[in-house]
Structures are given as structure tokens and as C-alpha cells.
Amino acid sequence: QGTRVGFYATTCPKAESIVKSTVQSHLNSDPTLAAGLLRMHFHDCFVRGCDASVLVTGSATERTAFANLELRGFEVIDDAKTQLEAACPGVVSCADILALAARDSVVLSGGLSWQVPTGRKDGRVSQASDVNNLPAPTDSVDVQKQKFAAKGLNTQDLVTLVGGHTIGTTACQFFSNRLYNFTGNGPDPSIDPSFVPQLQALCPQNRGGSNRVPLDTGSQLKFDTSYYANLRNGRGILESDEALWNDASTKMFVQRYLGLRGLLGLSFSVEFGNSMVKMGNIGVKTGADGEIRKICSAFN
Ligand code: HEM
Ligand SMILES: [Ca+2]
Ligand SMILES: [Ca+2]
């Protein structure tokens with residue numbers, strides 16, 4: 001796979017601490033950026049591999065694709081890159097900065113840490129038209145599984161990584177179809193009926209599509225298992241999220257993360273790191289495959 005833990009130990013020993021302190025200082029002023037950085041790494045890895053293709057600006061780059069319009073935290077990556085270029089010019093890739101920043105975001109939100117293998121090169125291509133195989137919030141469990149399997153990720157990885165929704169928010173436009181006219185008339189029956197009016201108030205019908213709602217009600221800044229408890233209680237926000245509770249193969253992992261009786265327990269905080277390492281190795285470029293960008297938003 002080409003990456004290894006401690007890749008910069010001799011060439012830029014402070015690389016990981018520089019990323020961490022940069023993420024820390026940005027989260028101090030805006031803790032919601034943790035979610036932005038985690039999601040950005042996912043959107044990078046699923047399109048042309050973890051190669052920072054998502055960071056490039058310009059017409060028709062990935063950043064201009066619909067699925068990426070709400071990505072947040074680019075300024076954190078740029079800030080870390082500036083400091084890394086001062087400390088060790090031309091050494092640390094933007095793809096690695098993004099992988100490290102995603103880990104640090106989880107840890108600073110209360111999650112358990114993991115070691116991030118590094119050594120990714122930055123890609124030389126970024127095309128909006130490549131951003132079509134990302135999962136959609138209306139995807140069934142079967143489609144979600146297929147999209148993850150196409151990247152070498154299994155059902156456990158799917159349930160675990162989507163657990164990233166324990167932090168952050170979604171725009172109403174991605175789920176408000178569930179609140180009003182889901183099956184011709186009335187809300188999606190898989191939503192807890194007592195939760196529906198709450199969501200309707202946050203997302204008024206035919207307006208407020210850009211209003212934002214926490215993906216994990218009551219715990220949007222904390223990296224915990226509350227997201228899974230919400231799924232069990234019919235309080236998942238996206239249709240794709242609640243579906244994980246209504247399919248036997250994915251429900252089993254949700255139950256195990258919740259430590260429900262009779263099933264072998266599984267630690268979400270441990271497994272999240274394991275699955276992130278797998279996701280972080282998707283399509284990694286090494287050697288002459290790629291470059292070390294000077295600026296993360298532009299090819300050299
Ligand atoms: C089936 C897979 C997935 C689907 C359908 C999905 C869908 C979505 C949607 C629709 C949003 C709201 C976007 C917006 O309003 O701008 C969102 C937000 C988010 N997603 Fe996912 N996602 C998936 C998997 C993942 C994975 C694997 C991760 C990370 C490991 C992740 C992390 C996040 C985070 C942290 C946010 C909040 C972003 C913020 O607050 O800015 N998602 N996701
Ligand atoms: Ca990429
Ligand atoms: Ca949470």
C-alpha cells in the first residue's frame with residue numbers, strides 16, 4: 001500500500017505536531033470545523049484515492065462538484081501547509097496533511113487516537129466529473145455497501161465510517177423529503193413520530209433548504225456512540241443513516257457498538273481508527289505517481 005507510520009520521522013520530525021497544533025487552534029475558534037475536515041478526507045479518498053485532488057481550485061475541479069460545495073476547512077489545510085513549507089520545504093504532501101487533520105479532528109472531538117500511516121503523494125488531476133460515485137443520502141444499504149466495496153471497504157467499515165456522522169450537520173435539502181411527502185402523503189414512517197415536528201420546525205416545507213441540522217441530535221460536537229443510539233430510536237437524519245438500522249447486516253454492527261445484550265461488543269472508538277486507516281489507503285500514490293504540492297489548492 002506504500003504508506004507507513006512515521007514516514008516523516010527523519011525528514012520532517014515536527015510534521016504531525018505542526019498539523020495538530022494548527023487544527024487545534026482553528027477548532028478553538030470554530031469547533032464545527034472538525035466535522036468539515038473529517039468529511040473532506042472522506043470525499044478525497046473516494047475520488048481518485050487519498051491524493052488531495054479535492055483541494056484543488058479552478059474551473060471544473062472536484063471542488064466545484066455539487067457534492068463538494070459545502071465542504072469546510074480548506075483554510076486549515078492551507079494554514080498547516082504554509083507552516084510545514086517553512087519548517088521542511090517540499091516534504092509533506094497535502095494528502096497526508098488532510099489524513100492527519102482528520103485524525104486530529106476526531107481526537108479533539110473526544111474520539112480515540114490512532115496512528116496514521118503517511119507517505120501519500122498529491123495527485124495531478126482534479127475533475128468535477130469524477131465526483132459521481134460518492135454515496136448519496138438516499139442510497140439504500142445495498143447501494144451504500146456496493147460503493148464501499150468498490151473501495152475495498154466491507155460492511156463493518158461502512159457502518160463504522162458513516163459513524164463519522166456523530167459530528168457535524170446536514171442541510172435540510174438532503175433529507176427534508178422525509179418530513180412531508182415521503183410515500184405520497186406523510187413523513188417517512190421510519191422516523192420516530194415524536195421527532196417529526198421538531199425536524200419540520202428546523203426545515204420548513206418548501207423553504208429553508210439550506211438550514212442546517214445536527215446529524216447526531218444532542219451530540220453534534222462529540223465523537224461518541226450517540227449517533228448509533230439515535231438510529232435505534234428512529235432519530236437518524238439522513239435516509240441512508242436510518243437505513244443502517246433497518247437492514248439486518250448493518251443493524252448488527254450498530255447493535256454491537258451500542259453494546260446491546262446478546263451480541264459480542266465492539267468498540268466504536270477503536271474500530272473507527274481501524275477503518276480510517278483502511279479508507280486512508282484507498283488509491284494512494286507513491287513515488288513518481290504524484291508530487292508534493294507547494295500549495296494545496298494548486299498543482300505544481
Ligand atoms: C453512505 C455514506 C455517506 C453518505 C450518504 C453521506 C452523506 C452526507 C450528507 C448528505 C451530509 C450533509 C452535507 C451538507 O449538508 O453539506 C454529510 C455530512 C457529513 N459527513 Fe457524510 N455521508 C456518508 C459517509 C460519510 C463518511 C464515511 C464520513 C467520514 C468518515 C462522513 C462524514 C461526514 C461529516 C463529518 C459530515 C458533517 C459535515 C459538516 O458538518 O460540515 N460521511 N454526509
Ligand atoms: Ca482524491
Ligand atoms: Ca456525537
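**Where the domains meet**

Analyst: Happy to! Between the two domains, 16 residues of domain 1 are in contact with 15 residues of domain 2, contact being C-beta atoms, placed from the backbone, within 7 Å. On the side of domain 1 that touches domain 2, helix 2 gives the largest share, five residues. Helices here are DSSP runs of H or I with at least four residues, strands are runs of E with at least two, and both are numbered from the N terminus. By class, that side of domain 1 holds ten nonpolar, four polar and two charged residues; Ala, Val, Leu, Ile, Met, Phe, Trp, Tyr, Cys and Pro count as nonpolar, Asp, Glu, Lys and Arg as charged, and the others, Gly among them, as polar.

A word on the model: it is predicted, so local features need pLDDT of at least 70 and side-chain atom pairs count only at pLDDT 80 or more, while totals for chains, interfaces and linings use all residues. Residues are numbered from 1 along each chain as its sequence is written, and chains are lettered from A and ligands numbered from 1 in the order in which they are written.

The chain is divided into domain 1 (4-133 + 280-289) and domain 2 (141-275), with bounds from an automatic or database domain assignment. Their C-alpha centres lie 25 Å apart. Ligand 1 lies between the domains, because both give residues to the shell around it. That shell has 24 residues, the closest being Ala35, Glu70, Pro135, Gly164 and Gly168; a residue is counted if its C-beta atom, placed from the backbone, lies within 6 Å of the ligand. Helix 2 (33-45), helix 6 (155-162) and strand 3 (169-171) each supply at least two shell residues. Helix 2 gives the largest share here too, with five. By class, the shell has twelve nonpolar, eight polar and four charged residues.

The axes of helix 6 and helix 10 (residues 248-257) come within 9 Å and cross at roughly 55 degrees. Axes are lines fitted to C-alpha atoms, for helices over the stretch in contact, with angles running from 0 to 180 degrees between N-to-C directions. That makes helix 6 oblique to helix 10, given that under 35 degrees counts as roughly parallel, over 145 as roughly antiparallel, 65 to 115 as roughly perpendicular and the rest as oblique. Thr155, Gln156, Leu158 and Val159 of helix 6 make this contact with Ser249, Thr250, Phe253 and Val254 of helix 10. These residues divide into four nonpolar, four polar and no charged.

Helix 5 (residues 141-149) packs on helix 6 at about 105 degrees, with the axes 9 Å apart, so helix 5 is roughly perpendicular to helix 6. Here Gln144, Lys145 and Phe148 in helix 5 meet Thr155, Asp157 and Leu158 in helix 6.

Finally, helix 6 and helix 11 (residues 268-280) pack at about 110 degrees, with their axes 9 Å apart. In this pair, Asp157, Thr160 and Leu161 in helix 6 meet Glu271, Phe272, Ser275, Lys278 and Met279 in helix 11.
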